[in-house]
Amino acid sequence: MVHRLLTEKVEAALGKYPVVAITGPRQSGKTTFAQLIRPDYQYVNLEDISMRDFAQSDPKAFLERYQDGAIIDEIQYVPDLFSYLQVYTDQRQRRGEYMITGSQNFLMMERISQSLAGRVALFNLLPFSLQELTNSSFPLKSWEEYLLAGSYPRKWAQQIEASEYYGNYLRTYIERDVRLIKNIINLGLFQRFLQLLAGRVGQLFNQSGLGTELGVDNKTVDSWMTLLEVSFIAFRLQPYYKNFSKRVVKTPKVYFYDTGILCALLGIRSESELAIHFAKGQLFENLVILEMLKNKFNQSVAGDFYFWRESNGQEIDLIIDQGVQVKAFEIKSGKTIQPTFFKALNRFSELYDATQPYLIYGGNDYQERSQATVMGVFDLHKV
């Protein structure tokens with residue numbers, strides 16, 4: 001059993017709000033998580049066609065049946081339920097009455113902001129974090145092992161080979177979820193888009209370049225990217241240009257929500273293949289940024305995530321803006337610390353006084369240096 005770091009925060013929220021919402025990718029463990037926290041709650045899954053029809057055709061009767069302690073799974077399938085939840089929870093005034101889950105983030109957020117604002121505590125549950133696995137019965141020997149394996153619970157619980165698990169995951173995602181969320185006729189072309197995007201991980205999102213290679217327009221590329229974001233497959237990291245000159249790059253970069261999926265798309269199956277792969281540095285970068293994102297969600301750490309790049313190529317891989325202070329992260333997969341690793345951090349610190357610099361590298365030493373705090377990925381939870 002892997003203890004999820006969100007547990008205590010969700011428990012606390014159930015004592016304050018009538019509704020607790022948990023969103024995240026398919027198979028990230030949302031249902032298991034909710035049932036472990038409230039094993040006595042009634043459970044209903046709206047992927048079940050009969051239950052979905054019941055909720056759609058008679059939402060009042062549905063909520064009369066499932067009340068005073070219920071888990072409603074994949075609620076985005078019946079969006080009208082959000083409005084009825086608002087009315088019923090306002091009438092009953094019961095804390096922790098509903099736990100709702102969904103695997104389409106933007107769609108849930110839109111409905112929550114329309115109907116449940118002020119009545120709901122919202123949490124993002126991504127697949128296992130490095131810290132969660134390290135403290136479990138699945139000890140990790142290296143960051144390379146974790147990067148290749150990915151972090152989906154079923155893959156770890158059933159000890160499924162990464163290539164088998166993520167191959168099936170991607171096929172299911174493309175054949176089912178893509179059709180449900182957006183009517184894409186040429187699924188083969190969409191799969192090619194996914195593979196091209198994986199090859200550009202950690203790079204600027206060149207929308208027109210992707211469109212040219214695929215033979216589609218910019219609008220199509222943008223809508224496909226939005227689809228990946230909605231379903232927690234990939235995301236765009238926005239550039240940080242607050243208080244900086246026009247020389248700063250203002251195009252987002254692309255990363256994936258799971259490195260196992262990323263390696264499957266790139267055809268990387270072993271640590272020896274990873275060691276010589278052209279994208280090894282970007283894969284390590286994706287791993288670190290993703291772990292920091294998980295830490296933010298799991299620990300409710302404040303701050304917005306960005307990257308920073310000047311037009312001359314000087315770059316900081318991750319910026320976390322916490323208002324009065326900015327944390328700057330240089331990410332290098334090398335296991336030996338080089339003086340050049342600090343160059344961009346020094347530059348950014350000169351431009352922005354309130355900077356707390358970090359160097360995250362492929363080794364294991366933890367050092368407090370004058371230039372930056374140096375650490376490996378197994379210490380990221382200390383940030």
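A pocket here is an open set of points on a 1 Å grid over the protein atoms alone, with protein on both sides within 12 Å along at least five of seven lines; its lining residues have an atom within 4 Å of a point. A volume is the space filled by probe spheres set on the points, with grid points joined across faces, edges and corners. The model is predicted: local features need pLDDT of at least 70, side-chain atom pairs count only at pLDDT 80 or more, and totals for chains, interfaces and linings use all residues. Residues are numbered from 1 along each chain as its sequence is written, and side-chain values use heavy atoms, with hydrogens and water left out.

**Stop 1: the second largest pocket**

Helices (H or I, at least four residues) and strands (E, at least two) are DSSP runs, numbered from the N terminus. By class, the lining has 11 nonpolar, four polar and five charged residues. Nonpolar covers Ala, Val, Leu, Ile, Met, Phe, Trp, Tyr, Cys and Pro; charged covers Asp, Glu, Lys and Arg; the others, Gly among them, are polar.

**Stop 2: the largest pocket**

Helix H2 (30-37), helix H9 (153-157) and helix H10 (162-181) each supply at least two lining residues. Which element gives the largest share of this lining? H2 does, with five residues. The lining divides into nine nonpolar, eight polar and eight charged residues.

**Stop 3: the cavities**

A cavity is a set of grid points where a 1.4 Å probe fits but cannot get out. The whole structure has three cavities of 30 Å³ or more.

Select Arg-26, Gln-27, Tyr-169, Thr-172, Tyr-173, Arg-176 and Asp-177. They line the second largest cavity, which has a volume of about 50 Å³. Two of the lining residues are nonpolar, two polar and three charged.

Then move to the largest cavity, about 90 Å³. Its lining includes Met-292, Asn-295, Ile-320, Lys-327 and His-381. Helix H16 (residues 280-299) provides the largest share, four residues. This lining counts five nonpolar, four polar and two charged residues.

**Stop 4**

Ile-320 stands opposite Lys-327 in E10. Strands pair if DSSP finds at least two bridges between them. E9 and strand E10 (residues 326-332) run antiparallel, joined by four bridges. Their hairpin has four residues between the strands, and Gly-323 takes a positive phi near 90°.

Turn to strand E8 (residues 304-309). Five bridges join E8 to E9, again antiparallel. Tyr-306 stands opposite Ile-319 in E9. Five residues separate E8 and E9 in their hairpin, where Gly-313 in the turn has a positive phi of about 100°.

Is strand E9 (residues 315-321) mostly covered or mostly open? Mostly covered: seven of its seven residues are buried. Buried means under 20% relative accessible area, exposed over 50% and partly exposed in between (1.4 Å probe, protein chains only).

**Stop 4: helix H17**

Select helix H17 (residues 343-351). Its buried residues are Ala-344, Leu-345 and Phe-348. They sit on the same side of H17 because they cover an arc of only 100° around the axis. The arc is that of the directions from the helix axis to the C-beta atoms. On the other side, Lys-343 and Glu-350 are exposed. What do the buried residues of H17 pack against? E8, E9, E10 and strand E11 (355-361). Contact means heavy atoms within 4.5 Å.

**Stop 5: Val-249**

Finish at Val-249, in the loop between strand E6 (234-237) and strand E7 (253-256). Val-249 is buried, with a relative accessible area of 17%. Show its contacts: leaving aside residues up to four places away in sequence, Val-249 touches Leu-204, Pro-239, Arg-309, Glu-310 and Ser-311. Draw a distance to Glu-310. Val-249 and Glu-310 are 61 residues apart in sequence and 5.8 Å apart in space, C-alpha to C-alpha.
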